[in-house]
Amino acid sequence: MNGDLDGLNLVQLLDLLEPAPEPLPISMMPQTVGWIWLAFGLIAGLLLLIRKGLRRHRANAYRRAALAALSDAGDDPARIAQIIRRTALAAFPREDVAGLTGEHWLAFLDRTLPGDGFSDGPGRVLAAAPYRDVPTQPGLAELAQKWISNHDAALREPQT
């Protein structure tokens, strides 16, 4: 055997060993082009979702304004009728909404919010409220809030 190492104990022999080399740091950069394209795709998709959300937020600004006005109107049927009319003019084509009165107006409101809350419910008072004093109707403000929040603006069929 080797004469220099004779007489050394195990601990001394271990101290003579050279330390293992440190591994190179691992790069955080993707090693293939596919990961880069995937990252670009995810970023583009996220930007499109943000854009869609902003458009939707802007498109529903009329609803938020109408709900704020409705909370100020209280139970006054004339003011509620005016707010619903302005909201309908903002959401639907003017030529489909502006000329509607009476039963046609109530049918339009029922068609855009399924149910019969306007033709046969508390909303019936809206046909006369803009033209004469009518008593307050229980449930009218809630119905108006429901219509403003949930009416289907996609229903844009012309009125005959």
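**Close-up 1. D110 is a buried charge without a salt bridge.** Here, buried means under 20% relative accessible area, exposed means over 50%, and partly exposed lies in between (1.4 Å probe, protein chains only). A salt bridge is a side-chain nitrogen of Lys or Arg within 4 Å of a carboxyl oxygen of Asp or Glu. For D110, the nearest side chain of opposite charge is R124, 7.7 Å away; Lys and Arg count as positive, Asp and Glu as negative, and His and the chain ends are not counted. You will find D110 in helix α6; helices (H or I, at least four residues) are DSSP runs, numbered from the N terminus. Beyond its neighbours within four places in sequence, D110 is in contact (heavy atoms within 4.5 Å) with G115, D116, G117, F118 and S119.

The model is predicted: local features need pLDDT of at least 70, side-chain atom pairs count only at pLDDT 80 or more, and totals for chains, interfaces and linings use all residues. Residues are numbered from 1 along each chain as its sequence is written, and side-chain values use heavy atoms, leaving out hydrogens and water.

**Close-up 2. E103 and R124 form a salt bridge.** Their closest N and O atoms are 2.6 Å apart. This pair links distant parts of the chain, with E103 in helix α6 and R124 in the loop between α6 and α7, 21 residues apart. E103 counts as partly exposed because its relative accessibility is 46%. R124 has a relative accessible area of 39%, so this residue is partly exposed too. The structure holds one salt bridge.

**Close-up 3. L70 is a buried residue of helix α3.** That helix covers residues 61–73. L70 counts as buried because its relative accessibility is 7%. Setting aside neighbours within four places in sequence, L70 is in contact with I80, I83, A141, A144, Q145 and I148. From L70 to I148, the C-alpha atoms are 9.4 Å apart in space, while the two residues are 78 residues apart in sequence.

Close-up 4. F40 lies in helix α2, residues 33–59.

Conventions
Helices (H or I, at least four residues) and strands (E, at least two) are DSSP runs, numbered from the N terminus.
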